[in-house]
Amino acid sequence: MSEQNTAAREPVFNMPAPVLFLIGTLVAIFVGQAYILSPQAQSDMDLWLAFNPARIYYADQIPGGFFPIVWTSVTYAFLHANWPHVLLNSAWLAIFGTPVARRYGTGRFFFVFIFSSVIAAWGFALVQPYGYTALVGASGGISGLTGLAVRFIFQPILWIRHPETDEPVPVGRKLATIREVFANTSARSLTIVWLALNAVTPLLPLFTGMQAEIAWQAHIAGFLAGFFIAPMLEPRRPA
């Protein structure tokens, strides 16, 4: 009887609430984009909420001018181009957002996502400053969560002694220094392969003849943002 009750209380999705909330938000917004808004409304949404680097240099040629660049540095992350786009990002978010949310909590989780999204947008603008291609998708922010996760998910668990029982108590995984990341085979491999795959993306047309619609600039910038901000987010742990 007690075993059945325990099983009944098991969550359907074993993910932290902020990760589930963000995935639900991304999917709900896309459903609204795809099935509720008219084509004109969708176009207006892209105009006012997608990140367009052209606003920096051609502000007088775009409705709204330069100022929307301020909020679109964040809002673009909540828009997606199609179902594969939003579903792939949701899966990626579930994998790398989960350890970050569990380690740092809701506030820091969302801070990293937003901060990395902003850095990713401006990384995209830096590499492609004069383009009219608008940026949409959560992948820049999720890249930041990935870069942050790499700093600890492959590291050993830290233990302290309980002050009353003197029993060993786990307090989480060690945050790796940059040197320790590259000394760890798994962390090093994930970091190098991930960065390399994005770095070679602009070369794909040379081999496939097709233009890859992947914002590799945003992925790299977002990843580095999460990777390097990690020490500033660490909670104080008992000695």
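Reader: What does the protein chain average in pLDDT?
Author: The mean pLDDT of the protein chain is 86, and 81% of the residues score at least 70. pLDDT is the predictor's confidence in each residue, from 0 to 100. This is a predicted model: local features need pLDDT of at least 70, side-chain atom pairs count only at pLDDT 80 or more, and totals for chains, interfaces and linings use all residues. Residues are numbered from 1 along each chain as its sequence is written, and side-chain values use heavy atoms, with hydrogens and water left out.

Reader: Where is confidence lowest, and where highest?
Author: Lowest in helix α1 (residues 2–8), with a mean of 43. Highest in α7, at 97. A contact means heavy atoms within 4.5 Å. Where pLDDT is low, the predicted coordinates should not be read in detail.

Reader: Ok. How many helices and strands?
Author: Eleven helices and two strands. From the N terminus, the order is α-α-α-α-α-α-α-β-β-α-α-α-α. These are DSSP runs numbered from the N terminus: helices are H or I with at least four residues, strands E with at least two.

Reader: Which residues touch the most others in the largest nonpolar core?
Author: Phe51, Leu93, Val100, Phe109, Leu135 and Leu148, out of 43 residues in that core. The elements giving two or more residues to this core are α2 (17–36), α6 (83–127), α7 (139–150), α9 (185–199) and α11 (216–233). Helix α6 gives the largest share, 14 residues. A nonpolar core here is a set of buried Ala, Val, Leu, Ile, Met, Phe, Trp, Tyr and Cys residues joined through side-chain atoms within 4.5 Å.

Reader: Take Leu148. What is it in contact with?
Author: Val100, Tyr104, Val112, Gly226, Phe227, Ala230 and Leu233, leaving aside neighbours within four places in sequence.

Reader: Is Ser116 buried or exposed?
Author: Buried, at a relative accessible area of 0%. Ser116 lies in helix α6. Its side chain reaches the backbone oxygen of Val112 at 2.8 Å. Not counting residues up to four places away in sequence, Ser116 touches Gly140, Gly141, Gly144, Gly222, Ala225 and Gly226.

Reader: Switching to charges. How many salt bridges?
Author: Two. The cut-off is a side-chain nitrogen of Lys or Arg within 4 Å of a carboxyl oxygen of Asp or Glu. Side chains of opposite charge can pair when their charged atoms come close.

Reader: Which residue does Glu234 pair with?
Author: Arg103, with the closest N and O atoms 2.8 Å apart. This pair links distant parts of the chain: Glu234 is in the segment after α11, Arg103 is in helix α6, and they are 131 residues apart. Arg103 is buried at 14% relative accessible area, while Glu234 is partly exposed at 23%.

Reader: And the other one?
Author: Lys174 with Glu180, 2.6 Å from N to O. Lys174 is partly exposed, with a relative accessible area of 25%. Glu180 also counts as partly exposed, at 28%.

Key:
Buried means under 20% relative accessible area, exposed over 50%, partly exposed in between (1.4 Å probe, protein chains only). A polar contact is a pair of N or O atoms within 3.5 Å; within protein, one must be able to donate a hydrogen and the other to accept it, and residues adjacent in sequence count only if both atoms are side-chain atoms.
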